[in-house]
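Hi,

Here is the structure I said I would pass on. Have a look at it first, and then read on for what turned up when I went through it.

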Amino acid sequence: MKRFLFRRILQLIPTLFIVAIIVFFITRMLPGNPAAVMLGPQASAEDIAAYSEQLGLNEPLHRQFFDYLGNLVKFDFGNSLSYNQPIADLIMERFPNTVILAISALIIAVIIGVPAGILAAKKQNTFLDYFITTFSLVGVSMPIFWLGVMLALYFSVNLGWLPSTGMGSLDNGLWDFLSHLILPSIALATIPTAQFARIIRSSMLETISHDYIKTARSKGLREFIVINKHALKNALTPLLTVMGLQFSNLLGGAVLTETIFSWPGMGLLIVNAIEKRDFVVVQNTVIFIAVIYVVINLIVDVLYKVVNPKINLDSDKGGA
Amino acid sequence: MKTMEEIENAKELQYLKAKKEQSFFRKLLRNRFAALGLIIILILILTAIFAPFIATHPPNAMDVTKTLLGPGESGHLLGTDSYGRDIFSRIVYGARISLIVGIAAVLFGAIFGSLLGLVSGYLGGRIDAIIMRIIDGMMAFPFILLAIVLMTVLGQGLGNAVIAIGVSNIPGFARLVRGQVLSVKEADYIEVTRSLGAKHGRILFRHIVPNSIAPLIVYATMSVAGAIISEASLSFLGLGVQPPTASWGSMLQEGKDFLVLSPGLATISGLAILVTVLGINLFGDGLRDALDPKMKL
């Protein structure tokens, strides 16, 4: 296990290096002088020259890249032009808000998606199964930004029950915090809920068809125990991987949800930085999310190995 | 000259192939959900092709005297937007954008991704390691985030949206094709072909590619749905297709600002995206089940 963990951590290094290269070169693809683009058309030549110097744009490209790598390692992302504060502070302010949103969406998805999938598998080919299957297919096809707008229209504009923008504070009571969280969490949870239901249904159906489940039934075990103790245990393993991937996706997918509900997280930070043409913020926020994404995937791999030690994750064969 | 036995064998093979195809289509069309998905896709394609004949007004024609009209008012089937443009006509023309970006971006991703996957899986060794580390790096970005960053740098426009979404699609195709190549390349019949002196190109394109085509088709179909959502997302964020071109995402963005006065604009444009994506997913699911129900996609 220790060797596996060590090898997986080692594998992170080239991936993170590639991530840094991709982001560095994408942001260098900006047409013209990035400093001029960021400062806008009103900027004077002196301002552009000074800002180019500050960003290190006058250095040769390879030097810029290694400076940039060195700063990344030191967690020094530089200063934001539009927010006038260190980017690391901006990220640290916003990141917990995105995590809150992603975790609450994940909780909703597990609470609804997993039982729905089990129910659909248990009642295969009944009305309930068709109902859950249809809803989960609609769920995975849902443009969440549209769902967000519709939720805001119905629950905020029409009924006036829940706020549609901003993030509540626990200082103003638990309800203030929760009421702001409900709509964005539901919007963000829709796709993972549907995916969990689909995955659990298909893996339960596969597990139920195995001989040991038939044996358990033939031994006279109650259906409740057969399903919940034997079948579910095995059916949950693929869910773990998907949950990890979904959590990473939720961090990225929150861009749209946060924009609709003005939730002050990383996604809104990126969108606002794009509007303000503050590409240094965009570059560093994206790098940060990518690193988190890679680390979460590592944690999922490790957990997967812990849950199912027989699985050989080092094998690349058929790894589509 | 072919012997009688060879001719008989060829006929038998042809017959079996035709029977297999027949059974595939029968299986596909017997699946009601897949048939419904196919109908939705056909309606979308026909709408996109015949948009000028279906639209009741020019999609970009503004009329400031008729802004935010409700459905059916002044001859506007679904009403008008804040510039007085006919919503129905813009939805019809929006189908073109969704379809063009959806298909073109997936083609882009499929071509480059499959080539990378083929080379990586077939050659193996150091080249495989390098390509896969690059793919891992690309996969470290949430899909939509990579597209957003690329659009920010490339700038708005239909072509750039295709490139941004297409590039985001490359890693998925590369990994899929590489996996297929790895599972096929060690098969006995490939070994035999190789020992008979077949060149790499022939082995790849006559034997390995045809064996990888089924999961590729299913994955590509599902990816079109994802690409359509991505285009709408980019346009919703103001990064996609440039105004005044009708795109469902930008219509939804505009509708968001007039939710109280005219909820129809946001509702209808979002429904168009949902129904389209649902249709493609239904068809993709059916396609997967008809080709190989055990396919892990």
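Let me start with chain B, which reads α-α-α-α-α-α-α-α-α-α-α along its sequence. That makes eleven helices and zero strands. Before you go further, please keep in mind that this is a predicted model.

From its N terminus the order is α-α-α-α-α-α-α-α-α-α-α-α. For chain A the C-alpha box, again along the principal axes, comes to roughly 85 × 55 × 35 Å. Chain A is also split into domain 1, covering 2-73, and domain 2, covering 89-276. Their C-alpha centres sit 35 Å apart.

Now for how the two chains meet. Chain A puts 48 residues into the contact, and chain B puts in 48 residues as well. Together they bury about 4,000 Å², and 80% of that comes from carbon and sulfur atoms. If you want a place to look on the chain A side, go to A:Ser141, A:Phe145 and A:Trp146: these supply 15% of the area that chain A buries against chain B, more than any other three residues.

What about salt bridges across this interface? The rule finds one between chain A and chain B. It pairs B:Asp285 with A:Arg198, and the closest N and O atoms are 3.2 Å apart. Over all chains the structure holds twelve salt bridges. Another one to click on is within chain A, where the side chains of A:Asp67 and A:Arg63 come together at 3.9 Å, N to O. Both of these residues belong to helix α4 (residues 61-73) of chain A, and they are four residues apart, about one turn of the helix.

Back in chain B, there is a helix pair I'd like you to see. Helix α6 (residues 143-154) and helix α7 (residues 158-185) of chain B have axes that come within 9 Å and cross at roughly 145°. The crossing of α6(B) with α7(B) is right-handed. On the α6(B) side the contact is made by B:Phe143, B:Leu146, B:Ala147, B:Leu150, B:Met151 and B:Leu154. From α7(B) the residues taking part include B:Ile163, B:Ala164, B:Val167 and B:Ser168. And what sort of residues make up this contact, nonpolar, polar or charged? They come out as eleven nonpolar, three polar and no charged.

Finally, two bits of backbone to check by eye:

- The peptide bond from B:Pro243 to B:Pro244 is cis, with omega near 10°. B:Pro244 falls in the loop that runs between α9 (200-236) and α10 (248-256) of chain B.
- A:Ser262 is not a glycine, yet its phi is positive, at about 45°. You'll find A:Ser262 in the loop between α10 (223-260) and α11 (266-275) of chain A.

Cheers

Definitions and conventions: Residues are numbered from 1 along each chain as its sequence is written. Chains are lettered from A and ligands numbered from 1 in the order in which they are written. This is a predicted model: local features need pLDDT of at least 70, side-chain atom pairs count only at pLDDT 80 or more; totals for chains, interfaces and linings use all residues. Side-chain values use heavy atoms; hydrogens and water are left out. Axes are lines fitted to C-alpha atoms, for helices over the stretch in contact, and angles run from 0 to 180 degrees between N-to-C directions. Helices (H or I, at least four residues) and strands (E, at least two) are DSSP runs, numbered from the N terminus. A crossing is left-handed if the near helix is turned anticlockwise from the far one by less than a right angle, and right-handed if clockwise. Contact means heavy atoms within 4.5 Å. Ala, Val, Leu, Ile, Met, Phe, Trp, Tyr, Cys and Pro count as nonpolar, Asp, Glu, Lys and Arg as charged, and the others, Gly among them, as polar. Domain bounds come from an automatic or database domain assignment. Buried area is the accessible area (1.4 Å probe) that two parts lose on being put together, summed over both. A salt bridge is a side-chain nitrogen of Lys or Arg within 4 Å of a carboxyl oxygen of Asp or Glu.
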